[in-house]
Amino acid sequence: EPAGMNIPEIFAALAMLEKERGIPQTFMMDKIIQAVTTAYKRDHKDVENVIVDVDEEHQRLKMYVQKNVVAEEDYVDPFNEIPVEEAKTISARYEIGDVVNIPVDNTEFGRIAAGNGKQVIIQGLREAERGMVYDEFNSKQHEILTGVVTRIDPRTNAVSLRIGTGTESTEALLLSGEQVPGEELVEGRRSTRGPQILISRTHPGLVKRLFELEVPEIYDGTVEVKSIAREAGSRTKMAVWSADENVDPIGACVGPKGQRVAAIVDELRGEKIDIIKWSEDPAQFIAAALAPSDVVDVMMAEEGKACRVIVPDDQLSLAIGKEGQNARLAARLTGYKIDIKPESYQGEDDEEIVDEDPVQ
């Protein structure tokens with residue numbers, strides 16, 4: 001057997017990869033065959049056909065160069081052809097047109113297999129680890145994770161966090177755009193390198209997941225979060241609904257003495273949360289979405305997702321909200337363009353709603 005990683009070692013390594021990492025041996029063996037074939041052809045540029053025979057039972061690999069049996073007078077390519085007379089010295093049954101497998105010298109093949117086999121196995125291990133980490137976190141999309149801040153980039157303010165512990169830990173990256181303005185983060189201990197996972201504290205899904213943790217009715221599906229709109233660090237509007245008429249979806253989210261929602265507001269450092277009852281009637285849903293303002297009337301546009309909302313004169317600024325935030329979040333929550341007018345408004349176009357460019 002050649003020096004380096006010998007053939008039985010390759011078989012043993014593949015068995016381990018399958019058992020511990022779940023990578024099928026046949027898949028890895030195909031990669032090894034591909035690698036050694038490519039390597040042999042690189043050293044023997046004129047050879048066209050090479051095959052590798054895998055004997056799993058005896059843990060042996062053999063490589064053969066395939067040559068076509070030709071008549072003496074047609075023999076021109078020593079790399080890919082063999083004269084019929086010579087072929088008959090190997091076995092009397094060879095005829096013109098047959099293919100002969102000529103074994104590659106064991107020492108040479110062993111040398112090729114030792115180096116390339118090792119490369120493929122190392123690469124397989126790396127890919128498996130990357131794949132496993134990727135799959136694990138891909139399945140955690142929209143989940144809440146806890147991590148230790150390991151580094152804050154002074155230039156970009158991007159924060160690296162370590163999620164998990166010990167060898168199971170993975171580095172995650174909280175980009176500055178995914179951070180809530182004004183939140184102070186402090187470095188913990190250093191971390192190890194590995195696949196990078198992007199995470200967010202501004203994503204509306206974070207609020208939804210926090211409610212799942214605090215509200216058993218959302219977790220078990222009795223109360224459904226139908227829609228959510230968020231301006232991180234400032235305000236979130238969340239529309240909830242229950243198919244069970246005996247369940248008060250808003251009450252479930254607020255909790256006894258407001259404890260459930262208070263715990264979430266606390267976690268989000270005082271971000272305001274409006275919990276609204278969802279309705280399949282768009283006009284009702286829009287009226288509820290503009291809370292805390294009262295709504296006198298909602299007129300839906302005949303075409304497109306737009307409406308005009310009439311509010312009491314003294315509540316116009318409340319309905320629009322500071323810097324237009326309340327109206328903006330309501331529009332995002334409902335998916336409708338909302339044009340807000342006071343009760344005293346007497347427009348030219350009262351007959352129909354014109355979708356000029358109302359508050360987005």
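Reader: Which residues does A288 touch, not counting residues up to four places away in sequence?

Author: Contact means heavy atoms within 4.5 Å. By that rule A288 touches I276 and K277. A288 is found in helix 9 (residues 282–289); helices (H or I, at least four residues) and strands (E, at least two) are DSSP runs, numbered from the N terminus. This is a predicted model, in which local features need pLDDT of at least 70 and side-chain atom pairs count only at pLDDT 80 or more, while totals for chains, interfaces and linings use all residues. Residues are numbered from 1 along each chain as its sequence is written, and side-chain values use heavy atoms, with hydrogens and water left out.

Reader: Is A288 buried, partly exposed or exposed, and why?

Author: Buried means under 20% relative accessible area, exposed over 50%, and partly exposed in between (1.4 Å probe, protein chains only). A288 has 26% relative accessibility, so it counts as partly exposed.

Reader: How should I read an aromatic pair, and how many does the structure hold?

Author: A pair of aromatic rings is described by the distance of the centres and the angle of the planes. Rings of Phe, Tyr and Trp (its six-membered ring) pair if their centres lie within 6.5 Å; planes under 30 degrees apart count as stacked, over 60 as edge-to-face and the rest as tilted. The structure holds two such pairs. In one, the ring centres of W241 and W278 are 5.8 Å apart and the planes are at 80°, so the pair is edge-to-face. This pair links distant parts of the chain, 37 residues apart: W241 is in strand 10 (residues 235–242), and W278 is in the loop between strand 11 (272–277) and helix 9. W278 also forms an edge-to-face pair with F285, at 6.4 Å centre to centre and 65° between the planes.

Reader: Which residue has its charged end over the ring of W278?

Author: A charge sits over a ring if NZ of Lys or CZ of Arg is within 6 Å of the ring centre and within 35 degrees of the ring normal. Here the charged end of K226 sits over the W278 ring, 4.4 Å from its centre.

Reader: Which residues of strand 6 lie on each side?

Author: In a regular strand the side chains alternate between the two faces of the sheet. Strand 6 (residues 159–163) has five of its five residues buried. V159, L161 and I163 are on one side, with S160 and R162 on the other.
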